[in-house]
Amino acid sequence: MNVRSQVSMVFHLDKCIGCHTCSIACKNIWTDRRGTEYMWWNNVETKPGTGYPTTWEDQSKYNGGWEKKGDEIQLKSQNKGDALFKIFHNPNQPTMDDYYEPWTYDYQNLFNAPEGSDQPTAKPISMVTGEYINIEAGPNWDDDLGGSPVYAANDPNLDALTPEQREQLFATERLVFFYFPRICNHCLNPACVAACPSGALYKRGEDGIVLIDQQRCRGWRACVAACPYKKTYFNWSTGKSEKCILCFPRLETGQAPACFHSCVGRIRYLGVLLYDADRIEEVAKLPDDQLVEGQRSLILDPFDPAVIAAARANGVHDSVIESAQKSPVYKFVKIWKMALPPHLEYRTLPMLFYVPPMSPVMANKENDIIDHNTTDFFHDIESSRVPIAYLARLLGCNQESKVRYALRKQKAVRWYRRAVTVGDISMETAQKMLAEADCSQQEAEAIYQLTSLCTFDDRFVIPPMHREEALEMMKDPNEHKASTGFGFVGAPQRGM
């Protein structure tokens, strides 16, 4: 057993209000530089929708991730025979049309426009050509229109639906959408790391964060093509690739990532998971219908004495083990089984997870009285506005039972709390629902506390990074102490 630790995150989609504050916070800190105009390390998409870059989930177009061939898995984007040639031309690379043409506005016209019959406007100007442009795409172009057939019809996840389900989804009276925040998944089996010809990408041993060494990167963009989530970007100004760094300089000083810290809906939970690195390849080769449980089996019980002993033997600090025992991510993913990884069929084993969103609560109405009591407890989940097949395509590796389990447990907790606080549902009914959802009363209270009444400290459980221990393998920690930790930026020098 090769025990390692991973900083991991859960997004509770039922709480996301789509305010994009996380995207703006990240943009202001990390990608407000020349060459990063189109980069959104954190973006929020509207689903059903095409996402960013456009239809990034369509791997028949982008060829990202891994595919199983016989008993082995191989990168889809390249192989030993064509990797060299694809440095010069890769037909599966996303183009500027798949992102968008960055633009600014002619703000000077607001002040310098000649006298006219109407208010002056700030026309959009291309940041590529410097000419006026008609804006035709953006980082969330289908924002709040995701439920309409104008954009959502091109969502690759809709392939999982029948023609009748697609027609119902786009019926005006049933229009529905939800928000889907995305950052790099800091995968256990990252395709970007495997594809890099220069070995610039690496996964940090102490916390699992995937980074790009800016000194070694040669800008060949193999990582861009290989990442099925399209979360690595090419900086045209520096000639290097860049990606989300999970705000590791902030984590190393005990601060939450910018996206987490700014989240208005408090949908994000950050914690440590312990996993068995020896089994990564074995799990990545599993059939699709076994991947969800296979990945869960990789995550180890931090209370197990054998796991603790193996972790200590592997150099994992006691404070990391203690944080793993308090991790909110461990509860959502492993204990409650409510959080699922996105598109696990890409076989990169993403380590960010999502609690699937509930559709509007359904109830019976007779004689102007709303009645929540019914013997068919979970009928509205089966006939949800967002079909389970769609959510299963997005989060459950096409396993509807995994999504159904998470939704039933969420609804049972809601009904239980309604019985406690409102009283229009009998406690007997609530307890029957909990039993059918595989949830105890004690667990329901714990889910309610962590979902609705959680404090910042409940959602952010990160140990000291112990960077000094990782550095000891390479150089004297005191020598590194003077540097800033930002890659190629060197330590300050004394003297003139």
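**Close-up views of a predicted model**

Figure 1. T455 counts as partly exposed, because its relative accessibility of 42% falls between the limits of under 20% for buried and over 50% for exposed residues. The model shown here and in the following views is predicted. T455 belongs to the loop that joins α20 (441-452) and α21 (456-459). Along the chain, T455 and R266 are 189 residues apart, yet their C-alpha atoms are separated by 9.3 Å.

**Figure 2. The protein chain as a whole.** The protein chain contains 23 helices and 15 strands. Of its 496 residues, 53% are buried. Among contacts in the protein chain with a separation of 6 or more, 70% join residues 24 or more positions apart.

**Figure 3. The open sheet β12-β1-β13.** Three strands form an open sheet with mixed pairing, in the order β12-β1-β13. The edges are taken by β12 (268-276) and β13 (352-355); each has a single partner strand, so one side of each lacks a neighbour in the sheet. From one strand to the next, the twist averages 30 degrees. Strands of a sheet pair through backbone hydrogen bonds, in either a parallel or an antiparallel arrangement. Nine bridges link strand β1 (residues 3-12) to β12 in the antiparallel sense. Within this pairing, V10 is found opposite Y269 of β12.

Figure 4. Strand β2 (residues 43-47) is mostly covered, with five of its five residues buried. In a regular strand, side chains alternate between the two faces of the sheet. In β2, N43, E45 and K47 point one way, whereas V44 and T46 point the other way, and all are buried. The partner shown is strand β7 (residues 178-182), which pairs with β2 in the antiparallel sense over five bridges. E45 stands opposite F180 of β7.

**Figure 5. Packing of helices α13 and α14.** Two packed helices are described by the angle between their axes and the distance between those axes. For helix α13 (residues 305-313) and helix α14 (residues 318-325), the angle is about 145 degrees and the axes lie 10 Å apart. The crossing of α13 past α14 is right-handed.

**Figure 6. Helix α15 and its two ends.** Helix α15 spans residues 328-335, and its buried residues are P328, V329, Y330, F332 and V333. At the start of α15, S327 places a side-chain oxygen within 3.2 Å of the backbone nitrogen of V329. K337 follows α15 and has a positive phi, near 55 degrees.

**Figure 7. Helix α17 and the residue C397.** Helix α17 (residues 388-395) is mostly covered, seven of its eight residues being buried. The buried residues of α17 are I388, A389, Y390, L391, A392, L394 and L395. Just after α17, C397 adopts a positive phi of about 55 degrees.

Note on methods: Residues numbered from 1 in each chain as written. Predicted model: local features only at pLDDT ≥ 70, side-chain atom pairs only at ≥ 80, totals over all residues. Heavy atoms only, no water. Pairing = 2+ DSSP bridges. Helix = DSSP H or I, 4+ residues; strand = E, 2+ residues; numbered from the N terminus. Axes fitted to C-alpha atoms, helices over the stretch in contact; angles between N-to-C directions. Buried < 20%, exposed > 50% of the residue type's maximum accessible area, 1.4 Å probe, protein only. Polar contact = N/O pair within 3.5 Å; in protein donor to acceptor, adjacent residues only side chain to side chain. Contact = heavy atoms within 4.5 Å. Left-handed = near helix turned anticlockwise from the far one by under 90°.
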